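Hello,

Here is the structure you will be taking over. My notes on it follow below.

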Amino acid sequence: MTRVDVRNTELIWPTKYDENGKLAPIERPGPYPFQIVELINAPRIGRKGKHEQLTLYDIWKGEEGSTFEEGWSNKLIWGDNKLVMASLLEKLTGKINLIYIDPPFATGADFKFQIPLGDENEEITKEHSILEEKAYRDTWHQGLSSYLQMLYERLVLMHQLLAENGSMYVHLDWRVVHHVRIMMDEIFGTDNFQREIIWWPNNPSGFKGIAQNWIHDHESLLFYSKSNNYTFNKLWQEYSPAYVKATFVHDDGDGRLYRYRYDRKQYLDESKGVPISDVWDIPFLRQNADERVGFETQKPESLLKRVVKASSNEGDLVADFFCGSGTTLAVAEKMGRRWIGCDLSRYAIHVTRKRLLEIENSQDVEDESEIYNRKARPFEVLNLGKYERQLWQTRTFSNKDEKQILYEYLAFMLRLYGAEPLSGFANIHGKKGNALVFVGAVDSPVTIQEVLDAMKDCKSFGQRELHILGWEWEMGLNDAIQSIADREGIKLKLRIIPNEVLDKEIVHRGDVRFFELAHFKVKINGEMPRNGRTDISEKNVVLKLADFVIPHTDLISEDVKKKIEKWSDWVDYWAVDFSFDNDTFHNGWVSYRTKKNRTMSLTAGPFTYERSGKYKIFVKVIDIFGIDTSQIFEIEVP
Ligand SMILES: C[S@@+](CC[C@H](N)C(=O)[O-])C[C@H]1O[C@@H](n2cnc3c(N)ncnc32)[C@H](O)[C@@H]1O
């Protein structure tokens with residue numbers, strides 16, 4: 001039995017200490033560099049300095065300074081927050097002024113979203129992705145103790161990221177708030193516990209009449225500071241009409257109401273109201289509320305407004321590492337704060353990106369009767385991409401030379417795909433039935449040249465079917481390569497290696513599925529480009545999305561398929577970079593469906609080029625599951 005030398009009052013759960021009674025070390029992988037996937041709302045023209053040297057798959061260097069004027073861009077990061085925070089620590093230790101988190105709880109609602117479909121706002125419930133299920137399992141496989149371990153490791157990292165004047169709010173409910181309170185006392189120090197805020201949403205949970213008990217109708221926000229010198233802007237609330245009626249009973253004759261305080265007149269119109277207490281009466285978000293974006297666990301902006309306003313100032317850095325639909329980020333954006341958001345779910349990132357793009361049409365936070373009416377400041381979408389995979393590769397096939405690691409990696413991937421290794425070919429790795437198989441590297445996209453070389457080997461072997469497995473793909477590869485394959489008489493399948501491969505348990509269960517790469521067609525000034533190229537006869541360019549195909553829908557549920565009426569129903573969002581410069585994708589034009597407006601324009605432009613010359617047009621299409629497909633077209637402007 002483990003003997004633990006406990007000197008302070010603390011919470012202990014089974015995995016907190018190792019068998020020698022030592023605090024189990026907190027895994028701190030990395031730091032890994034972040035890949036910049038996309039730049040949003042940053043104008044290309046005049047985009048100088050920081051972004052100028054970016055290349056595709058470039059990394060975030062963290063050199064942009066800490067004000068918008070110095071070039072700071074807000075950040076939306078797709079990935080597990082443990083890896084993300086461990087990597088952020090390199091540049092941002094002690095730099096975040098406010099962190100709010102609303103971590104998932106085992107209610108089944110944590111990863112549940114309603115996905116609206118097509119033009120008519122039909123809805124389906126999004127099924128969990130295997131990665132989301134994994135997070136759920138990691139968190140709950142040993143019940144409460146694994147939940148506490150998950151949160152403990154992350155709170156330690158957040159504490160390190162927090163600035164000396166910083167504040168931390170953890171949103172929880174009655175099930176775990178007391179455990180987490182003790183845990184946070186240990187990490188933050190009991191003296192830094194500031195308040196337990198009771199949020200009263202006035203929405204008693206279901207089965208109200210049946211429960212032989214008091215009805216649950218509150219959640220808690222544990223508020224801690226990093227030190228005793230923390231930012232706090234005291235907030236006041238207007239008096240209630242009943243209070244005004246009962247207390248401000250005097251009238252000067254000119255309509256101004258007043259009361260006597262310590263023998264002096266206190267006018268109602270000069271009073272700040274009541275200082276806000278630690279019980280917050282803020283209504284829950286109704287299902288039909290305008291700000292709802294389909295997230296079961298979405299919190300109201302009015303709740304976050306209070307947190308952000310009280311515990312940060314304009315220009316401060318605010319973070320939410322379980323950002324879900326992006327409520328904290330939307331509020332921080334509207335209140336002029338800098339922000340970082342992170343979520344494990346690709347769909348959550350997609351929803352948040354749309355929410356921020358759409359922010360100008362949402363309610364203002366200061367005056368809720370007004371529309372915000374401003375665009376979001378430039379932000380970047382980042383992930384750890386290949387670095388997460390490299391970490392997996394080193395861990396899975398460790399302690400051997402590079403050649404050996406590569407050999408084992410190929411054998412492992414082929415086994416997963418149900419293929420046999422094949423030797424003697426430079427560009428073919430295996431065979432599955434009559435098809436030859438090529439496996440893309442962990443740390444670089446499959447290139448057109450690699451596919452061409454594999455096709456050559458395939459032909460010389462007298463085979464007619466080739467499967468290419470890849471984590472990522474050179475831009476524009478799909479269309480360019482399919483027409484060559486058709487000409488060569490080769491049946492070519494491009495299959496995505498899913499992130500689930502990184503999870504031992506999923507692999508062990510045999511749940512890994514390789515989806516085929518989706519593809520789409522566009523017309524440029526009415527013409528279908530050939531081999532990704534077209535010449536145009538004027539300086540104006542109009543793009544029309546002409547088709548979108550998910551090649552094999554057998555992995556998609558019947559419920560979804562039944563509701564799809566036309567190809568465009570698969571598409572949720574598409575964006576165009578008219579002047580792509582082999583750098584990060586920059587969404588110059590975008591159209592997407594929102595909850596209120598289900599129509600999406602299938603025509604982009606006209607875009608006018610000022611100068612003649614060769615240009616690249618980068619088109620990104622995101623389907624209803626939040627998965628993106630991209631192509632690059634080359635044009636020559638006269
Ligand atoms: C309760 S929801 C947050 C809802 C959010 N407050 C809102 O207003 O939309 C919790 C979120 O945490 C995310 N999540 C769970 N585990 C995570 C992890 N390890 N890293 C990053 N995000 C995670 C889930 O994908 C989910 O979107």
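This is a predicted model: local features need pLDDT of at least 70, side-chain atom pairs count only at pLDDT 80 or more; totals for chains, interfaces and linings use all residues.

D263 is found in the loop between strand 11 (257-261) and strand 12 (264-267); strands are DSSP runs of E, at least two residues long, numbered from the N terminus. This residue has a positive phi of about 65° although it is not a glycine.

Residues are numbered from 1 along each chain as its sequence is written.

N41 also has a positive phi of about 65° without being a glycine. N41 sits in the loop between strand 1 (35-40) and strand 2 (74-78), and is partly exposed, with 17 C-beta neighbours inside 10 Å. Most residues other than glycine have a negative phi, and most peptide bonds are trans. The bond from G605 to P606 is cis, with omega near 5°; P606 belongs to strand 29 (residues 603-608).

Five strands form an open, mixed sheet in the order 24-31-30-26-28 (two strands pair if DSSP finds at least two bridges between them). Strand 24 (533-535) and strand 28 (589-592) are at the edges with a single partner strand each, so one side of each has no neighbour in the sheet. Strand 26 (residues 571-580) pairs antiparallel with strand 30 (residues 613-623) over seven bridges, and V571 stands opposite D623.

Regards

Conventions: Helices (H or I, at least four residues) and strands (E, at least two) are DSSP runs, numbered from the N terminus. A residue is buried if 20 or more other C-beta atoms lie within 10 Å of its own, exposed if 12 or fewer, and partly exposed in between; C-beta atoms are placed from the backbone.
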